[in-house]
Amino acid sequence: MNYAKIKGFNDILPEEIGIWQKLEAETKQVFRAFGFREIRMPLMEYTELFSRGIGEETDVVSKEMYTLKDSKDRGMTLRPEATASMVRAYIEHQLYLKNPIQKLFTIGPMFRHEKPQKGRFRQFHQIDAEIFGDPSPKADAELIMMIMHLLNRLGLNDLTLAINSLGCKECRKEFREKLQGFLAQKKDLLCADCQRRAEANPLRVFDCKEESCKKAVAEAPRLLDFICPDCRAHFQGLQDYLKAAGIVFKVNDRLVRGLDYYTRTTFEIQTEKLGTQNAVTGGGRYDGLVKLLGGPDHPATGFAVGMERLVALLAEETPALEEKPQLFMVALGAEAEQKSFLWVKALREAGVWVEAAYESKGLKAQMKMADRCGAYRVLMVGENELATGKGLLRDMQTKEQKEIGLDRLVENLLKEMGI
Ligand code: HAM
């Protein structure tokens, strides 16, 4: 039997890991400057957390969750996103008692049973950042500034930021009714899913990719015409902050997002380069979610970056980032092998990446190994070198060779390599 990975689940191979590590390192550096602290939640939660938090009517909850039952028949689900879990942790550990403003981030795998295609997987990774405890548009702007800064620092400039306001519970109610009335007239044009959504969750119809649904909603009422003065001022505030920060954006009043918890600000960062899966970041404000999940009435806002999509963009722009050994130790003869064993140990303990053969091999075979692993330098030690007390250090790029004293070898090598 041949074992293959599960469809939509990917291995990240050593050749590819360099970009992931760079992305994670840059993220941590940028987020630290903005005052975000890391939190790690379990990959699995009780199913109700997601069905309640994200919304029963969303695609994520109604079609895409990986759920299993525990021995007491209670549903447990592999997290499809991080926000609900982070809210649960925020409430469960009363994080707000220590500091009323909590800025948290997490990095890790998420699971959605979607149809795999370019840029869309069943296990994928997100960088997720949330601010708890601040209702102002400044917090939304700060999140957007942070992610834009990270993307620019990574060399990704060719991206579009779209923003919108979904209003609050009150102003959305009026819009919802208007939209339902409009969609009732267009029922025949809507796909089966949207006919259902038109009743239960009409805003989701804006997100449908079916051509006939897109056509049907082209003339639909506009949410921004319905938002209340407070929500309007909030949205204007966000735009003012973004303009002051020099961040280019466009307002897209059809940007509703696929999760039910959003209030007021929503945003997406999109690329032209990844086909239909064009969103590299999505986020927004969710002022009612902490309370809905049993916590205090605290506002919150956040975003998540799809790491596979960013890695795909980065791979296009930057050459492979694979690291190579700094030194390959070639030892010829029993005595040299014995000495090399300890030199290799000492060099590694000094932080130098050294490779050497495990088996006894001739010069040619060992040089081939050095070449294969891409070592920058080779140190050759045989009987002659032991007799003269000088090893031969070869630069594998320039092919230059020089002698290096075997007495105090580690010290000499570190100096030679500029470490
Ligand atoms: P989301 O829009 O569902 O939002 O996902 C955020 C990002 O995750 C997307 O823009 C995309 O880059 C990536 N993503 C989503 N699904 C997949 C998939 N199947 N394969 C590959 N990448 C994917 C959320 O998850 C919210 N929790 C974001 C948020 C945080 N809102 C407030 N705080």
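Let's start with the distance: the centres of domain 1 and domain 2, taken over C-alpha atoms, sit 50 Å apart. Domain 1 takes residues 17-171 + 227-317, and domain 2 takes 327-416. Those bounds come from an automatic or database domain assignment.

Some ground rules. This is a predicted model, where local features need pLDDT of at least 70, side-chain atom pairs count only at pLDDT 80 or more, and totals for chains, interfaces and linings use all residues. Residues are numbered from 1 along each chain as its sequence is written, and side-chain values use heavy atoms, with hydrogens and water left out.

Now the ligand. Which residues come nearest to it? Glu81, Thr83, Glu114, Tyr262 and Ala279, out of 27 residues around the ligand. A residue counts as near if one of its heavy atoms lies within 4 Å of the molecule.

By class, the shell holds 10 nonpolar, 9 polar and 8 charged residues. Here nonpolar covers Ala, Val, Leu, Ile, Met, Phe, Trp, Tyr, Cys and Pro; charged covers Asp, Glu, Lys and Arg; the others, Gly among them, are polar.

Three strands to point out: β6 (123-132), β10 (279-285) and β11 (300-306) each supply at least two residues of the shell. β10 gives the most, with 6 residues. Helices (H or I, at least four residues) and strands (E, at least two) are DSSP runs, numbered from the N terminus.

Next, the polar contacts, meaning pairs of N or O atoms within 3.5 Å; within protein, one must be able to donate a hydrogen and the other to accept it, and residues adjacent in sequence count only if both atoms are side-chain atoms. Glu81 places a polar side-chain atom 2.6 Å from a ligand nitrogen. For Glu114, the distance from a side-chain N or O atom to a nitrogen atom of the ligand is 2.7 Å. Glu130 has a polar side-chain atom 2.9 Å from a nitrogen atom of the ligand. How much of the ligand does the protein cover? 95% of the 660 Å² of accessible area that the ligand has on its own. Areas come from the Shrake-Rupley method with a 1.4 Å probe; for residues, only the protein chains shown count as cover.

On to Asn164, in strand β7 (residues 160-165). Is Asn164 buried or exposed? Buried, because its relative accessible area is 0%. The cut-offs: buried is under 20%, exposed over 50%, partly exposed in between (1.4 Å probe, protein chains only). The Asn164 side chain reaches the backbone oxygen of Leu255 at 3.0 Å. Beyond four places in sequence, its contacts (heavy atoms within 4.5 Å) include Leu224, Phe235, Arg264 and Thr266.

Ser51 is buried too, at 12% relative accessibility. It lies in helix α2 (residues 47-54). Leaving aside neighbours within four places, Ser51 touches Glu56 and Val61.

Now some backbone angles. Gln94 is not a glycine, yet its phi is positive, near 45 degrees. Gln94 sits in the loop between α4 (83-92) and β5 (102-111) and is partly exposed at 40%. Lys399, also not a glycine, has a positive phi of about 65 degrees. Its loop runs between β15 (390-395) and β16 (401-405), and at 48% Lys399 is partly exposed.

Last one: Lys339, in helix α12 (residues 334-349). At 36% relative accessibility, Lys339 is partly exposed. Its C-alpha is 75 Å from that of Ala200, 139 residues away along the chain.
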